[in-house]
Amino acid sequence: MPTKRIVGALLSILSLAAVLGLAPSRAAQPGPPVLDEPASPVLDPSVVITGTVDAAHTDSLFLYRVSGTDTVVYRSKVAAAAFRDTILLLAGPNEIWAVARDTSGEPSARSNTVFITYNKRNARIFPEVFRAPGSFDIFTEQTAYEVTVDLFTLDGERVVHLRQAGPSNVFRIAWNLKNGDGNNVRNGPYLAMIKITDSRGLTVEKHFIAVVR
Amino acid sequence: MMRRRLALCLLIAGAVGAGLAARAGAGEFSRGGTFILPAWDARGAALGGAATILIRDERSAYWNPANLVFLTSARITAGTMEPVPGLNDRYSILCAGIALFEKRSGADTTSAARMGLAAPPGLPADTTGRRDSSLALALASSHDTTLIRKTWGFAVSATHLGLNLAQGSSWNESTIGLSAAFAPTRRTALGITVRMMKSSTGAADADSWGAAFDAGVIEQVTYHVWLAVTAKNILSHVRYPQRTDTLDVSWSLAFAYRGLFDRVSLECDMMLKYGVLNRLLTGVEIAVVPDLVFLLAGSDIRMSQGPRMIPSFGLTTAYRFAEISLAESFDPENAFGRQTRVSMSFLF
């Protein structure tokens with residue numbers, strides 16, 4: 001009987017303490033991280049993501065990299081308000097966002113989303129079927145002085161000559177689906193001859209494309 | 001004879017004028033399109049495309065349908081090439097032709113004399129005392145195509161182009177052609193080709209179908225000299241899912257001299273397109289061993305879009321019922337480079 005009285009007394013004291021705010025308090029949710037806007041497109045798969053966190057309440061940072069259906073999470077401990085983490089990108093567009101967590105694992109709200117496109121060195125990005133005005137995106141490993149794109153019919157007649165001067169590693173050569181006289185080209189297949197001039201000389205590439213409108 | 005020559009001059013003037021008027025404000029660059037045939041047979045390609053007069057068999061379904069009347073027997077030809085060497089593409093042709101209804105010789109003896117066709121020296125006179133070289137020589141050889149022997153000529157042709165676009169989608173174009181020729185005299189013939197066209201591709205909303213007409217005329221001016229006019233895609237219609245379109249019209253005016261030193265034939269074609277002189281084609285054929293081995297050479301001079309000359313060379317061997325031709329073209333543009341064509345023909 002004395003035991004029951006002791007337990008009851010302790011419970012009463014604890015309840016009173018909780019009411020008076022003497023019990024251990026719950027930690028505040030950390031503020032969302034803020035990511036710095038990175039450069040895009042890039043030619044290397046490894047990229048450094050920088051930003052800031054709520055240092056007072058953040059214990060660790062979770063960086064999410066999403067490319068298509070592929071998602072990778074990078075976790076790092078946070079020691080200061082500014083952070084700097086290196087992640088790996090997949091070829092093409094990548095979405096990156098972050099969530100901070102406190103010591104108890106409480107997550108913050110989601111950070112802003114940044115977008116980075118990774119193009120492999122020597123990538124050639126253009127549609128095989130042009131349905132509207134588009135462009136030939138040429139990425140070169142070596143700095144190129146000039147890139148030209150000549151379009152021919154299959155019997156060897158030239159349709160248009162497009163050119164962009166460097167020096168640069170990234171060339172975007174627009175085509176408005178018109179020939180050299182300013183007339184709309186017809187639907188059909190064409191030979192695209194891409195010539196890249198750099199310090200090593202001249203590189204020629206050929207691809208079939210089509211115009212369909 | 002004067003009336004014939006006047007008619008011929010009017011024909012030529014009309015052709016040139018029509019060609020020049022083909023496109024008002026025409027430019028120098030192609031508008032491209034579907035169903036642009038990259039080539040035909042190896043023998044014509046070896047002549048640099050100057051085959052409007054010199055090719056006189058079922059292959060004329062493309063070069064000049066009027067020449068089908070020169071066929072001395074039924075023939076079939078198959079050929080193939082890579083339009084762009086190094087890429088996954090192939091173009092193939094198949095054509096067969098026959099000429100019917102032998103022309104009677106009597107009337108043409110008189111007409112030949114009236115034309116005053118100059119006879120090469122040393123030829124014996126015929127029974128009328130006139131030196132009618134055209135009949136005397138041509139009829140002596142059953143395979144000689146100096147004169148038109150038949151009244152009607154017919155041909156069926158088929159082509160197929162297959163290639164892969166940059167990301168792997170397929171692109172295929174096929175045509176079937178029906179050709180007919182009529183020769184009112186031994187020195188004049190007219191012809192027409194109708195082509196039905198169909199494309200099937202791996203791209204959405206890109207398939208098409210259509211039809212086009214070609215026409216041709218050939219005229220013998222003297223024993224050695226021939227003139228011809230052809231028009232390609234003189235009428236055309238191509239239907240796509242979202243639009244319709246036409247093909248570019250091109251006119252060719254050809255001049256040929258056959259039988260120089262009895263072994264050499266020369267042809268020069270002027271091709272008019274977009275209202276301007278688009279190409280100048282020249283070809284020479286040398287009978288190294290008559291009726292057996294021929295050496296061919298030609299050049300295709302593209303007059304616009306940054307002038308360039310495409311030389312070509314070839315070899316044709318014929319024996320009894322078979323003929324094989326090989327042609328090499330050397331395009332100075334890196335895009336096309338060296339093109340090889342092979343074709344085989346069989347006589348029945």
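Predicted model: local features only at pLDDT ≥ 70, side-chain atom pairs only at ≥ 80, totals over all residues.
Chain A has an open, antiparallel sheet built from three strands, ordered 1-2-5. The edges are strand 1 (34–35) and strand 5 (82–88), each of which pairs on one side only.

Zoom in on strand 1 and you'll find it running antiparallel to strand 2 (residues 46–52) of chain A, with two bridges holding the pairing. For A:Val34, the bridge partner in strand 2 is A:Thr52.

## How the chains meet

Now for the interface. Chain B brings 48 residues to the contact and chain A brings 37. Between them the two chains bury about 3600 Å², with 53% of that on carbon and sulfur atoms.

## Charges and polar pairs

Six salt bridges link chain B and chain A. One of them joins A:Arg186 to B:Asp245, where the closest N and O atoms sit 3.4 Å apart. Polar contacts across the interface come to 28 residue pairs, counting pairs with both residues at pLDDT 80 or more.

## What chain B puts forward

Which elements of chain B give two or more residues to the side that touches chain A? They are strand 3 (150–164), strand 4 (170–182) and strand 11 (276–289). Strand 3 of chain B has the largest share, at three residues.

By residue class, this side of chain B splits into 20 nonpolar, 14 polar and 14 charged residues.

How values were computed:
Residues numbered from 1 in each chain as written. Chains lettered and ligands numbered in written order. Heavy atoms only, no water. Pairing = 2+ DSSP bridges. Helix = DSSP H or I, 4+ residues; strand = E, 2+ residues; numbered from the N terminus. Contact = heavy atoms within 4.5 Å. Buried area = accessible area lost by both parts, 1.4 Å probe. Salt bridge = Lys/Arg side-chain N within 4 Å of Asp/Glu carboxyl O. Polar contact = N/O pair within 3.5 Å; in protein donor to acceptor, adjacent residues only side chain to side chain. Nonpolar A, V, L, I, M, F, W, Y, C, P; charged D, E, K, R; others polar.
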